[in-house]
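Dear colleague,

Please find the structure below, followed by a short account of what was found in it.

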Amino acid sequence: MTERNRTIDKLRGICMLGVLGIHTGSLALMCAAPNPHLYMLLEILSRYSVPAFFFISGYGLFCHYKPGVELNYREFIKKRFQSSGVPYLSWSLFYMVYFTTVVPGCIPWFSPLGLLHIIFWGLACYHLYFMIILLWFYAFFPLFQKLMAFIQRIGLKTGFAMLFVLQMLFNYWTMHPGITAQQLPFVLQDFFTYRLNYLPLHYLFIFMLGGLAAIKEKEFFQTVTTKFKTVTVLYLLSVAYICGSYYWYYYKHGYDLISLTNTFQQLSPQGFFYTIASILFFCAVFGRQKTSNYFTKAVDFISDNSMLVYFCHPFWLSMIDRTSHHFGIVMTTKRVIAAYVLLLIISLITSVILTKLSKHSASLRYLLTGKK
């Protein structure tokens, strides 16, 4: 395994920690007096994680299918549907059954149209929209291959600078469209309402940056590691930018915590800048790592189990939430932190157990992970 692969694997583990942080943020809101600093850590500073997974996906795809490489589209889609589509459908069904059981009638999936609606938009559980966007990236990958070839022809610096500007404009336009769903024809309303659930264009720059890391592997990782101080300064500036914005609107303008989350999510200018800087910083940190230690071994372990942790952790978060309600446990800052640690541990244990069970059942392995 090359250093590049070890770096990307560790990035996957760090991203999984961020995803758990984002979702644990809901518990922070349950505190009698929510801690705005903890909430910022969980709901704002953890939001590099979702876009960074698209960076990893772009890296993986362009490693195998560089610009100019022949792509058998039918076989490509078949393979990608197996690896991502099958577990998406399996886990969607699991969460539809689970949430219908604990909250009867909350998910109208018993009719064919209702089921299609949930599956198409990724609505079975709040984290599954990622899989929908990923599948759309797969569907349009030949176009992204051509886009990378075009960027190479006009020059990588020029091409990525143009793509950066277009990404900022597109994200701002889709986040502030100036219209509501009710102003559109009925058939288009869901496409408007769930636009963040299926449009891969929101993360195109990040995805293509992963592709750049693949086709310019040596130069990319050498640059971020040799210019570690510059990358670190960029990262710290991005942290100051997004945290400063958060505190300014919280203390100066009186924004509530949910409004702050919606304002400074990963598609905002602050979030976009922070995401890019975070990816470069973590790549630099792990790229410079020559020997293993307890932290890197832990990150590797999380990375190895990241797929099943991603799929199963909302179930355990729901169980933690329901248990706290049942026993009248009031959330505090310390209890939210403890819930995060518990969620990580129990999700990892679940992943290990399911992985071991899957070794004895090819069908179970296929349904859970898409691997035969």
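Asn293 caps the N-terminal end of helix 16, with a side-chain oxygen 3.0 Å from the backbone nitrogen of Phe295. (A polar contact is a pair of N or O atoms within 3.5 Å, one able to donate a hydrogen and the other to accept it; residues adjacent in sequence count only if both atoms are side-chain atoms. Helices are DSSP runs of H or I, at least four residues, numbered from the N terminus.)

This is a predicted model, in which local features need pLDDT of at least 70 and side-chain atom pairs count only at pLDDT 80 or more, while totals for chains, interfaces and linings use all residues. Residues are numbered from 1 along each chain as its sequence is written, and side-chain values use heavy atoms, leaving out hydrogens and water.

In helix 16 (residues 294-304), Thr296, Val299, Ile302 and Ser303 are buried (under 20% relative accessible area; exposed is over 50%, partly exposed in between; 1.4 Å probe, protein chains only). Viewed down the helix axis, these residues fall within an arc of 120 degrees (taken from the directions from the axis to the C-beta atoms), so they line one face of helix 16. The face turned away from that side carries the exposed residues Tyr294, Lys297 and Asp304.

There are three salt bridges (a side-chain nitrogen of Lys or Arg within 4 Å of a carboxyl oxygen of Asp or Glu). Lys10 pairs with Asp300 at 3.2 Å, N to O. Lys10 lies in helix 1 and Asp300 in helix 16, so this pair ties together parts 290 residues apart in sequence. Arg47 bridges to Glu43 at 2.7 Å, and both are buried.

Kind regards

How values were computed
Helices (H or I, at least four residues) and strands (E, at least two) are DSSP runs, numbered from the N terminus.
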